[in-house]
Amino acid sequence: MPIIPLKQSITVVRYGDIDEWGGGNVKETLTFRARVDEKTQVVQNQFGDESVSSAEIMLDKLADIRYDDDIVYEDELGREIKRKPLRIEPLRGINGKAILTVVYV
């Protein structure tokens with residue numbers, strides 16, 4: 001059971017091998033229960049550079065999210081947001097197990 005309510009959902013699109021045109025075929029599509037807070041904030045990306053994030057996504061436990069995935073979220077007004085993760089941050093409890101995965105997009 002998650003420690004926060006997860007009322008929204010996201011779709012993660014994972015691509016397979018890259019073809020000669022630079023595009024990839026969709027390898028798999030995953031759906032996760034999530035909490036999405038749409039807010040603008042400055043975060044450090046995977047390379048240590050500052051980037052501007054438009055949403056903070058919280059997922060239960062250690063979610064299989066990768067930096068080359070596309071994350072698709074549709075808000076209550078029907079607007080679709082499709083972004084790549086800027087930072088993936090597992091939050092761990094006192095016992096060392098991941099209790100949340102926070103993804104900034």
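Biologist: Is K84 to be read as buried, partly exposed or exposed?

Modeller: This is a predicted model, and its accessibility classes rest on relative accessible area: under 20% is buried, over 50% is exposed, and partly exposed lies in between. K84 has a relative accessible area of 40%, and therefore counts as partly exposed.

Biologist: With which residue does the side chain of K84 meet in a salt bridge?

Modeller: In general, side chains of opposite charge can pair when their charged atoms come close. Here the partner of K84 is D70, at 2.9 Å from N to O.

Biologist: What other salt bridge does D70 form?

Modeller: D70 also forms one with K82, where the closest N and O atoms are 4.0 Å apart. This second pair again links distant parts of the chain, for D70 is in strand β6 and K82 in strand β7, 12 residues away. As to accessibility, D70 is buried because its relative accessible area is 9%, whereas K82, at 46%, is partly exposed.

Biologist: How many salt bridges does the structure hold, and which residues are linked in a network?

Modeller: The structure holds 10 salt bridges. The network links R14, E28, D64, R66 and D69. A further salt bridge joins R79 to D75, with the closest N and O atoms 2.8 Å apart; D75 is buried, at a relative accessible area of 7%.

Biologist: Which residues does R83 touch, leaving aside those up to four places away in sequence?

Modeller: Such a list shows which parts of the chain meet around a residue. For R83 it consists of S54, D69, D70, I71 and V105. R83 itself is found in strand β7, residues 80–83, and is partly exposed at 37% relative accessible area. R83 and V105 are 22 residues apart in sequence, yet their C-alpha atoms are 5.9 Å apart in space.

Biologist: Which way do β8 and β9 run, and how many bridges join them?

Modeller: The pairing of strands is read from the bridges between them. Strand β8, residues 87–92, runs antiparallel to β9 and is joined to it by six bridges. Within this pairing, I88 stands opposite V103. Strand β5 is also antiparallel to β9, with five bridges, and there the bridge partner of I57 is V103.

Biologist: Why is β9 described as largely enclosed by the rest of the structure?

Modeller: The description follows from the burial of its residues: six of the seven are buried, so β9 is largely enclosed. I99 has its place in this strand, which covers residues 98–104. At 33% relative accessibility, I99 is partly exposed. Together with I3 and L91, I99 forms a nonpolar patch on the surface, with about 240 Å² of accessible area in total.

Biologist: Which residues have the most contacts inside the largest nonpolar core?

Modeller: A nonpolar core is a set of buried nonpolar residues joined through their side chains. The largest here has 15 residues, and those with the most contacts inside it are I10, V36, I57, L59, I65, I71 and V103. The strands that each supply at least two residues of this core are β1 (8–18), β2 (24–37), β5 (56–60) and β6 (70–74). A second, separate core has seven residues, among them I4, L6, M58 and L100.

Biologist: Which residues does L59 touch, again leaving aside those up to four places away in sequence?

Modeller: L59 touches I10, F32, R33, A34, I65, I99, L100, T101 and V103. Of these, I10, I65 and V103 are also listed with L59 among the residues that have the most contacts inside the largest core.

Methods
Residues are numbered from 1 along each chain as its sequence is written. This is a predicted model: local features need pLDDT of at least 70, side-chain atom pairs count only at pLDDT 80 or more; totals for chains, interfaces and linings use all residues. Side-chain values use heavy atoms; hydrogens and water are left out. A nonpolar core is a set of buried Ala, Val, Leu, Ile, Met, Phe, Trp, Tyr and Cys residues joined through side-chain atoms within 4.5 Å. Buried means under 20% relative accessible area, exposed over 50%, partly exposed in between (1.4 Å probe, protein chains only). Helices (H or I, at least four residues) and strands (E, at least two) are DSSP runs, numbered from the N terminus. Contact means heavy atoms within 4.5 Å. Patches are made of residues with over 30% relative accessible area and no salt bridge: like charges are joined within 9 Å, nonpolar side chains (Val, Leu, Ile, Met, Phe, Trp, Tyr) within 5 Å. Accessible areas come from the Shrake-Rupley method with a 1.4 Å probe; for residues, only the protein chains shown count as cover. Two strands pair if DSSP finds at least two bridges between them.
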